[in-house]
Amino acid sequence: KRRVLDAMALSGRSRLPALFRGEVSVEKLSEMMAPQKVDGKWRKPELSRRLVAKVRKAWLLDGRAWPFEEERTNYGGWAIADLPPVKQKGKKVDRNKLEKQKHIEGRMKLMPKLIEEYREKFRAWRRCDGLSPMDKTFMTPKQLRTKQKAQQS
């Protein structure tokens, strides 16, 4: 049977082993964790947050429940489970994904026709269509390009 040690029994030696083993009462442990007002001045807690975390870890590893566990809250003290449901707007990319996919499918159906038009236009440019045979014979390639660009404009 575990015995509960009082503050006097803990004062002469290290308190951590007794805290780890759970030999200190929950009331005493809560006093040691809280800051106290003495003669109108606040004193820091006997156990720092780091030591409290160590004691808590030891208790949980030992299979005991930590009596000071608080339910995690958010949004000004509301319990997360009690928060009203919020409609998530999401990202613009995700909202427009279906529209974008439909647009791409429509454009892909037109693609063979557009490719053929482009190739025919390029072939005509390479053949120097629209220029006289005399121009093709006596002009340099640079002169042919400049004349073709002038005709397109």
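Helix 6 covers residues 97-127, and at 1.5 Å a residue its 31 residues should span 45 Å; the end C-alpha atoms lie 43 Å apart, which agrees. The expected span is 1.5 Å times one less than the number of residues in the helix. Helices (H or I, at least four residues) and strands (E, at least two) are DSSP runs, numbered from the N terminus. Please keep in mind that this is a predicted model, in which local features need pLDDT of at least 70 and side-chain atom pairs count only at pLDDT 80 or more, while totals for chains, interfaces and linings use all residues. Residues are numbered from 1 along each chain as its sequence is written, and side-chain values use heavy atoms, with hydrogens and water left out.

**Helix 6 and what follows**

- Helix 6 has a kink of about 45° at M111, shortly before the proline P112; the bend at a residue is the angle between axes fitted to the seven residues ending there and the seven starting there.
- Just after helix 6 comes C128, with a positive phi of about 60°.
- C128 sits in the loop between helix 6 and helix 7.
- With a relative accessibility of 11%, C128 counts as buried; buried means under 20% relative accessible area, exposed over 50%, and partly exposed in between (1.4 Å probe, protein chains only).

**Backbone angles**

- Most residues other than glycine have a negative phi.
- C128 has its positive phi although it is not a glycine.
- D39 is another residue other than glycine with a positive phi, near 55°.
- The loop between strand 1 (36-38) and strand 2 (41-43) holds D39.
- D39 counts as exposed because its relative accessibility is 75%.

**Salt bridges**

- The structure holds eight salt bridges, each defined as a side-chain nitrogen of Lys or Arg within 4 Å of a carboxyl oxygen of Asp or Glu.
- R123 pairs with E116, and their closest N and O atoms are 3.9 Å apart.
- R123 is partly exposed at 40% relative accessibility, and E116 is partly exposed at 42%.
- R127 and D129 meet through their side chains in a salt bridge of 2.9 Å, N to O.
- R127 is partly exposed, with a relative accessible area of 41%, and D129 is partly exposed, with 39%.
- A network of salt bridges links E120, R127 and D129.
- K147 and D135 form a salt bridge whose closest N and O atoms are 2.4 Å apart.
- This pair links distant parts of the chain, with K147 in helix 8 (residues 141-152) and D135 in helix 7 (residues 133-138), twelve residues apart.
- K147 is partly exposed, with a relative accessible area of 28%, whereas D135 is buried, with 17%.

**Q148 and its surroundings**

- Q148 belongs to helix 8 and counts as buried at 5% relative accessibility.
- Leaving aside neighbours within four places in sequence, Q148 is in contact with A124, W125, C128, D129 and L131; contact means heavy atoms within 4.5 Å.
- The C-alpha atoms of Q148 and D129 are separated by 8.9 Å, although these residues are 19 residues apart along the chain.

**The nonpolar core**

- The largest nonpolar core has eleven residues: A18, L19, V24, L29, M32, L47, L51, V52, V55, W59 and W66.
- A nonpolar core is a set of buried Ala, Val, Leu, Ile, Met, Phe, Trp, Tyr and Cys residues joined through side-chain atoms within 4.5 Å.
- Helix 2 (16-21), helix 3 (26-33) and helix 4 (49-61) are the elements that give two or more residues to the largest core.
- Helix 4 supplies the largest share of this core, with four residues.
- V55 is in contact with L16, L19, F20 and W66, leaving aside its neighbours within four places in sequence.

**The chain as a whole**

- The protein chain has eight helices and four strands, and from the N terminus on its elements run α-α-α-β-β-α-β-β-α-α-α-α.
- Buried residues make up 15% of the 153 residues in the protein chain.
- Among contacts with a separation of 6 or more, residues 24 or more positions apart account for 28%.
- The protein chain exposes about 13,400 Å², and carbon and sulfur atoms supply 56% of that area; accessible areas come from the Shrake-Rupley method with a 1.4 Å probe, and for residues only the protein chains shown count as cover.
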